[in-house]
Every structure is written in structure tokens, then in C-alpha cells.
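Please walk through this structure with an eye to its covalent cross-linking, its pockets and a few individual positions in its loops.

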Amino acid sequence: MRKLLLATTAIALSLSASAPAFAEFTERNIRVSNGINADHPVGNGIAAMQKCLDEKSGGKLKLTAFWGGALGGDLQATQALRSGVQEAVVTSSSPLVGIEPALGVFDLPFLFSTSEEAYKVLDGKFGDMMNEKLVAVGLVNLAYWENGFRNLSNSVRPVNKWEDLEGMKVRVMQNNVFLDTFQNLGANATPMAFGEVFSALETKTIDAQENPYVTIDTSKFFEVQKYVTQTNHAYTPFLFLFSKAIFDTYAPEEQAALRECAVVGRDVERQVIGDLNKKSLEKIKAAGLEVNVLSPEEQARIREKSMVVYEKHKAEIGADVVDGILAELAAIRK
């Protein structure tokens, strides 16, 4: 009887010790807005993040993803976070420069040479500094996910050095940094809505465009282009943003779980998007396009050529931000 009592007591103590693990978690439905579709690697990241949250919260913290801009565009959704009427959004940095101009640093040309460089900067002190700026405008960045590198395709000639862009009609996003970047390299930069790009390439209204490999593949640009150059001229992160007004009402354990699980989702999303880019590149090569990579020497040369763009936009982005990221990259490259 005494043994049974001791065993029962031990079980009770064990249960009471484990019970508080979920005690600080409240049943929550966290709406996550996305401009992209559910089959994007962000979907894999959300699934991994949810699995992590299930383990940490006992299933109490639930993510409900809304895809394809169902809750509005990225800027609209982000403003809803700042107003405290929506919980979260996964968004590219580019649409948010009007909210926090410092995010324009990620539009600067030839900033990162590799994904590894980008991860060291984003996941380190510089990323923390940027996160502090976002907190000041009512946003909590849980982690930097990946949109990825943009590369150049064209129907004129291989691009091995920046001089090869001379006179080439290149479609760019309606973004002043991108316009200045390609004009500075001698190209005829042409802003154009994405939906018009394929027909413009097909009719030779433009010669070239720039996008990640996955986009070149899925949009079938390889059908109307001859050359692809791995320029890595722009790297755009996704940010997993949370409403500060709502986040501040959560228990510390809930906040910690969201931060930790966003990092789990980040690692999965980065891996999936990296694998997908490799597959897309193979499909582009199989379609018969000539693919080349800018040499490290030309990367350095073209980056030096692009410093005038950095100087032109330095004041609006913030001198501390531009100088800070360049200093961190210089230290990484030593």
C-alpha cells in the first residue's frame, strides 16, 4: 500500500511539474497574411513553425495563413499590424520602405555575394539593429526568412562584365534604386508591370529582365530568352512581422515560443527555397539557355561601380545603416 501511495504521489508530482509548461499559454488564433501563394516555400516554413508551436504550447498557439493577399497587400497588411487589428504578416522588405526607410538598404545593388553572407548579416548584430528600428514603428520582426537573389536573363549576349549591359533594354521593378542601378551600368532601365514582361520579351520590346531563378522558370521566361547570368545583384529578405501592440499582450512564454519557432520556420523555408532555385536553374539549362556566373573579381568591380547608387540613396536610407552593413560585410569578407 505504501509503495502504491509513493508511486501515486510521484506521478502526481510529475504531472504537477509538467502542467505549468503550458499554463502560460492561451488559446490563440494568429492570422498570418502572405502576398504569395500557399505552394511557395513560405508555406513549408509556416508548417514547420506550426509544428514547433504545437510542441511548445500544447497546441494552443495556432497559425492561420491567408495566402495571395487575401487580407490585403503587404503594405496594407503591415499597416493593420501597426494599428493592432491583425497579428502577423510575411512580407518582402521592399514595400515597407515608406514605413521604415532603413529597409531600403536591402534594395542596394550587389550588397551580398552569397546567401551565407546574407544570413550572417541578417541573423547577427545588424539584423538586431534593424529589428530595433521596426519596434519603434510598432512592428516585431520574429525572424528574417528568404525571398532570395535576383538574376539577369536576356536575349542579346552573355553578360560577363558590367560593360556587356551597355544599351540593353532591361525591365526593372518600379523602384528608384533598381532604376538607378541599371542606368548606372549603362542599361536602358525600363519600369514595367510584371504581368507585361513575357509579351514584352517575346516581341523584343525589351531585351532583358531580372528575377529569381524560380520566377524565370515558373513564368517561362526561358522560352523568350537566350542567356542567364548569375549576377546576384539584389537579395531580398522576407520578414516575419508581428503586431507590437498585440505581441506586448502575450505572456513571456508565448513571445519566446513565437520567436524560437519563427527561427525553426526560417531555416526550413531557406532550405526549401534554396533547393527550389537549384531545380529551376537546372530546368533553365535544360531548356537550352546559356548560363554563366559573374566571377568574384567582376562582382567586386561591379560593386565598386555601383557605389554611386549607395551614395545617392544613403541619406534617405540612413548613413548609419548603409555604413553599418558595409562595415559588417567587410569584416565577414576578410
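In this predicted model, the structure holds one disulfide, and it is formed between Cys52 and Cys261, whose sulfur atoms lie 2.1 Å apart. A disulfide is a covalent bond between the sulfur atoms of two cysteines. Because Cys52 belongs to helix α2 (residues 41–57) and Cys261 to helix α10 (residues 252–286), the pair ties together parts that are 209 residues apart in sequence. The link of Cys52 and Cys261 is left-handed, with -70° about the S-S bond. Cys52 has a relative accessible area of 9% and is therefore buried, since the limit for that class is under 20%, and Cys261, with a relative accessible area of 0%, is buried as well.

Two or more lining residues come from each of β4 (139–154), α8 (213–218) and α10. By residue type, the lining of the largest pocket divides into nine nonpolar, twelve polar and two charged residues.

The second largest pocket has a volume of about 480 Å³ and is lined by 20 residues, with Ser115, Phe149, Gly274, Asn277 and Lys278 lying nearest its centre. Here α4, β4, β8 (227–243) and α10 each supply at least two residues of the lining, and the largest share, seven residues, comes from α10. The lining of the second largest pocket is made up of five nonpolar, ten polar and five charged residues.

Two loop positions remain to be considered. Ser93 sits in the loop between β3 (88–92) and α4 (115–122), and its relative accessibility is 0%, so Ser93 counts as buried. Leaving aside residues up to four places away in sequence, Ser93 touches Leu103, Phe106, Thr236, Pro237 and Leu239.

Gly73 is found in the loop between β2 (61–66) and α3 (74–82). At 39% relative accessibility Gly73 counts as partly exposed, because that class covers values between the limits of 20% and 50%. The C-alpha atoms of Gly73 and Val89 are separated by 10.0 Å, and these two residues are 16 residues apart along the chain.

Technical notes:
Residues are numbered from 1 along each chain as its sequence is written. This is a predicted model: local features need pLDDT of at least 70, side-chain atom pairs count only at pLDDT 80 or more; totals for chains, interfaces and linings use all residues. Side-chain values use heavy atoms; hydrogens and water are left out. Helices (H or I, at least four residues) and strands (E, at least two) are DSSP runs, numbered from the N terminus. Buried means under 20% relative accessible area, exposed over 50%, partly exposed in between (1.4 Å probe, protein chains only). Contact means heavy atoms within 4.5 Å. A disulfide is a pair of cysteine sulfur atoms within 2.5 Å. Ala, Val, Leu, Ile, Met, Phe, Trp, Tyr, Cys and Pro count as nonpolar, Asp, Glu, Lys and Arg as charged, and the others, Gly among them, as polar. On a 1 Å grid over the protein atoms alone, a cavity is a set of points where a 1.4 Å probe fits but cannot get out, and a pocket is an open set with protein on both sides within 12 Å along at least five of seven lines; lining residues have an atom within 4 Å of a point. Grid points are joined across faces, edges and corners, and a volume is the space filled by probe spheres set on the points.
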